[in-house]
Amino acid sequence: MAQKERQQAVERELTMSRAMVEAIAHEMRENDEVFYMGEDVADYGGIFDSTEGLLDEFGHDRIMDVPISETAYIGAAVGAAQRGMRPIAELMFADFFGVCMDQIYNQMAKNTYMSGGNVSVPMVLTAAVGGTYNDAAQHSQTLYGTFAHLPGMKVVVPSTAYDAKGLMHNAIRDDDPVVYMFHKRLMGIGWMPAPDGPKTPVPDEPYAIPFGSADVKREGSDVTVVTLGLHVHRALEAAESLADDGIDAEVIDLRTLVPLDTETILESVAETGRLVVVDEDYRSHGVTGEIIARVAEEGLADLEAVERVAVPDVPLPYARPMEDEVIPGTEDIETAIRSVRS
Amino acid sequence: MSGTDDRVAVAAADVWPDDVEEDETAVVVNWFAREGRQVDEGETICEVQIEKVSIDVPAPVAGELAEIERVEEDELAREDALGWIEPD
């Protein structure tokens, strides 16, 4: 333990936003075809600091502000990618996908298939997701399930700075379209402080985290908690709290929804027999149901009890007490873990 | 970790913008190093926010970050030190 603390004392730590930017900057230096475009990504540095500092190094030719014209610039990214460039297009809030879904769903995700493999679409679509800061129903959804449901795209959801950097390197290098969904609350920006956890040691050198590899963020033998994004940290907090009562929860961070690492979940459930799935997306037809279905299909005999914790099927409210009520908190996760053990 | 005379302050004044109102305070938003870490001169070691603007704070010298005086979410004024570095 002392050695671990010592190690942590000497390593550089980054916020998730800075880790993402470091990966993007590295890939832009290595490959002239990588560029970034979106609303307020150049002069402002991204409203969630997703591009902070990039303009200074790369200029307006490669860090491009665009008008509020999601269909146009995401469509432009698809075209550029098909011609061999490696665009990163930022959809400021995932909630805004409505106006540009044709470009995302019908072009970006499908053109490789529609062309019989004659074109690939090596682009990254970044989008901010999540609530917990009272910005109402059109700015606070996670919509993991919506994007993961559409075939043709890979879907990434980091929860720590270390993962954010490694997954971003992999996303930019991937020859397929990747949707990279970052939770605002994890970015480490001044006006929206992150919980303890997402700021981690981050190596200077580049490294890629392969898609489809879930990470066991906490080992435990009594209950398997499967989650992603902000709720990794809430689940870890719940697990630490329950440890005082002798309940040993394992916390699995999915890291990518497509491809989904079913194997790691099944192995864990085979040990614990009890499964809690936690998600900040809507309860119905989403990630929680998908995970439980996969475990039921392939590991039913191991499953003794199951519970899901998600946002009830109502649009995210604006009022703070109401938003707090619908977004799962640490106590909700604790309750679910206790429930599957009883 | 304190007590030596040759320590160099990570001074808020070094990054304090000239056009900030006189009685304005800043808030420490992020530290990117813990006590005991060896830092390079010019490396961003923390981030403060003044009048809603985030400002990176570079290490004034290379050395060991010996002490963090203002932790995250602490307020600070222009004349304050954020921490102390023992130079190489």
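Across the interface of chain B and chain A, 8 residue pairs with both members at pLDDT 80 or more are in polar contact, a term that stands for a pair of N or O atoms within 3.5 Å where, within protein, one must be able to donate a hydrogen and the other to accept it, and where residues adjacent in sequence count only if both atoms are side-chain atoms. On the side of chain B that touches chain A, strand E2 (26–31) and strand E4 (44–50) of chain B each supply at least two residues, strands (E, at least two residues) and helices (H or I, at least four) being DSSP runs numbered from the N terminus. By class, that side of chain B has 3 nonpolar, 4 polar and 7 charged residues, where Ala, Val, Leu, Ile, Met, Phe, Trp, Tyr, Cys and Pro count as nonpolar, Asp, Glu, Lys and Arg as charged, and the others, Gly among them, as polar.

The model is predicted, and local features need pLDDT of at least 70, side-chain atom pairs count only at pLDDT 80 or more, and totals for chains, interfaces and linings use all residues. Residues are numbered from 1 along each chain as its sequence is written, chains are lettered from A and ligands numbered from 1 in the order in which they are written, and side-chain values use heavy atoms, with hydrogens and water left out.

The size of an interface is often given as the accessible area lost when the parts come together. Here chain B and chain A bury about 1,100 Å² between them, with 38% of it on carbon and sulfur atoms, buried area being the accessible area (1.4 Å probe) that two parts lose on being put together, summed over both. Of the area that chain B buries against chain A, B:Phe32, B:Arg34 and B:Arg37 supply 51%, more than any other three residues. The contact (heavy atoms within 4.5 Å) takes 14 residues from chain B and 14 residues from chain A.

The side chain of A:Glu13 is joined to that of B:Arg34 by a polar contact of 2.9 Å. Leaving aside its neighbours within four places in sequence, A:Glu13 is in contact with A:Lys199, A:Thr200, A:Pro201, B:Trp31, B:Phe32 and B:Arg34.

Side chains of opposite charge can pair when their charged atoms come close. A salt bridge here is a side-chain nitrogen of Lys or Arg within 4 Å of a carboxyl oxygen of Asp or Glu, and the count between chain B and chain A is 4, while over all chains the count comes to 25. A:Arg18 lies in helix H2 (residues 16–30) of chain A and B:Asp56 in strand E5 (residues 53–58) of chain B, so the pair joins two chains, and their side chains meet in a salt bridge at 2.6 Å, N to O. A:Arg18 counts as partly exposed at 22% relative accessibility, as does B:Asp56 at 35%.

In another salt bridge, the side chains of A:Lys199 and B:Glu72 meet at 2.2 Å, N to O. A:Lys199 lies in the loop between strand E7 (178–183) and strand E8 (200–201) of chain A, and B:Glu72 in the loop between strand E6 (63–68) and strand E7 (75–76) of chain B, so this pair too joins two chains; B:Glu72, at 34% relative accessibility, counts as partly exposed.

Within chain B, the side chains of B:Arg37 and B:Glu43 meet in a salt bridge of 2.6 Å, N to O, and here B:Arg37 is buried at 10% relative accessible area and B:Glu43 is buried at 15%. In chain A, salt bridges that share partners join A:Asp163, A:Asp215, A:Lys217, A:Asp253 and A:Arg255 into one network.

A:Asp163 is also one of the buried residues in H8(A).

Most residues other than glycine have a negative phi, and most peptide bonds are trans. A cis peptide bond, with omega about -5°, joins A:Val258 and A:Pro259, and A:Pro259 is found in the loop between strand E12 (256–258) and helix H10 (262–272) of chain A. A:Asp40 has a positive phi of about 60° although it is not a glycine, and A:Asp40 is found in the loop between strand E2 (34–38) and helix H3 (54–58) of chain A.

Note on methods. Buried < 20%, exposed > 50% of the residue type's maximum accessible area, 1.4 Å probe, protein only.
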